[in-house]
Amino acid sequence: ALVFLSWYQRLFPVSRPIVGEHASGARIIVEERALHHKGRVIRYLWHDSMVSDSVPADIKPMGRNVFLELLSACRKLASSKYVQARAATILKLLSDSGARRSEIASLRGSDILGVAQEKGTKLLLRTAKRGDWKQREVPLPPSTLDALVTFIEIDRKLHVNRLIKGKMITRDPEWLLLTQRGKLMHIESI
């Protein structure tokens, strides 16, 4: 499909490129890559959403026992209580909401607290799937919502207070997930 779109835009010039490299202003950002195979160089277009052929085509839901093992590993391997709680929060959000990593990274504490105050069950997420940051609603089980509120009101609040007291930040950055230095947690870290 990417090759077709590249061919199409070369054949019928458009004002804004459909497919292009980073910083080209294109709607779909791709990277040209080369593969060396049996003495030949094969060039192809690559996009972040493409997975290798070794990844199975059918994706199966994670079993409860795997989820519990991951939660247990969060408690054992994390460097601090905040990092433990943050990792558990990420796992619960990924598992129970079906949210994408970019959507979780863009969440603010006020998004969660707003749902809890309204006694709602749907979380409004900002999605970048189509590049326009539209919003979508996802159902959130009450137990997950309670765990998120607890994380915000206890673990995150203590972490932010420590950072302010240590003069690493001057105010609460409002993002749900913060690094140990108080910055927005990067998508690749989720």
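E174 counts as partly exposed in this predicted model, because its relative accessibility is 41%, where partly exposed denotes values between buried (under 20% relative accessible area) and exposed (over 50%), computed with a 1.4 Å probe and protein chains only. E174 is located in the segment after helix 6, helices (H or I, at least four residues) and strands (E, at least two) being DSSP runs numbered from the N terminus. Although E174 is not a glycine, its phi is positive, at about 75°. Most residues other than glycine have a negative phi. K167 lies in the segment after helix 6 and is exposed, with a relative accessible area of 73%.

The model is a prediction in which local features need pLDDT of at least 70 and side-chain atom pairs count only at pLDDT 80 or more, whereas totals for chains, interfaces and linings use all residues. Residues are numbered from 1 along each chain as its sequence is written, and side-chain values use heavy atoms, with hydrogens and water left out.

E174 forms a salt bridge with R108, with the closest N and O atoms 3.9 Å apart; a salt bridge is a side-chain nitrogen of Lys or Arg within 4 Å of a carboxyl oxygen of Asp or Glu. R108 lies in the loop between helix 4 and helix 5 and E174 in the segment after helix 6, so the pair ties together parts that are 66 residues apart in sequence. R108 is partly exposed, with a relative accessible area of 26%. The salt bridges come to five by this rule. In another of these, the side chains of D111 and R126 meet at 2.8 Å, N to O. This pair links distant parts of the chain, with D111 in helix 5 and R126 in strand 5, 15 residues apart. D111 counts as buried at 18% relative accessibility, whereas R126 is partly exposed at 21%. Salt bridges that share partners join R100, E103 and R136 into one network. Within it, the R100 and E103 side chains meet at 2.7 Å, N to O. E103 is buried at 0% relative accessibility, while R100 is partly exposed at 31%.

The protein chain contains six helices and six strands, arranged from the N terminus on as α-β-β-β-β-α-α-α-α-β-β-α. Of its 190 residues, 30% count as buried. Contacts (heavy atoms within 4.5 Å) between residues at least 6 apart in sequence include 41% that join residues at least 24 apart.

The largest nonpolar core has 29 residues, and L93, I112, L123, L176 and L177 have the most contacts inside it. Such a core is a set of buried Ala, Val, Leu, Ile, Met, Phe, Trp, Tyr and Cys residues joined through side-chain atoms within 4.5 Å. At least two residues of this core come from each of helix 3 (81-97), helix 4 (101-105), helix 5 (109-117), strand 5 (122-127) and helix 6 (142-165). Helix 6 gives the most, with seven residues. A second, separate core of five residues includes L71, C74, A88 and L91.

Beyond its neighbours within four places in sequence, L176 is in contact with Y82, L93, L107, R108, G109, I112, F151, I152 and R156. R156 is found in helix 6 and is buried, with a relative accessible area of 4%. The R156 side chain reaches the backbone oxygen of L176 at 3.3 Å. Residues up to four places away in sequence aside, R156 touches Y82, F151, D172, E174, W175, L176 and L178.

Strand 3 (residues 31-37) contains R33, which is partly exposed at 28% relative accessibility. R33 and R43 are 10 residues apart in sequence, and their C-alpha atoms are 5.7 Å apart in space. Not counting residues up to four places away in sequence, R33 touches I42, R43, Y44 and W46.

How values were computed. Polar contact = N/O pair within 3.5 Å; in protein donor to acceptor, adjacent residues only side chain to side chain.
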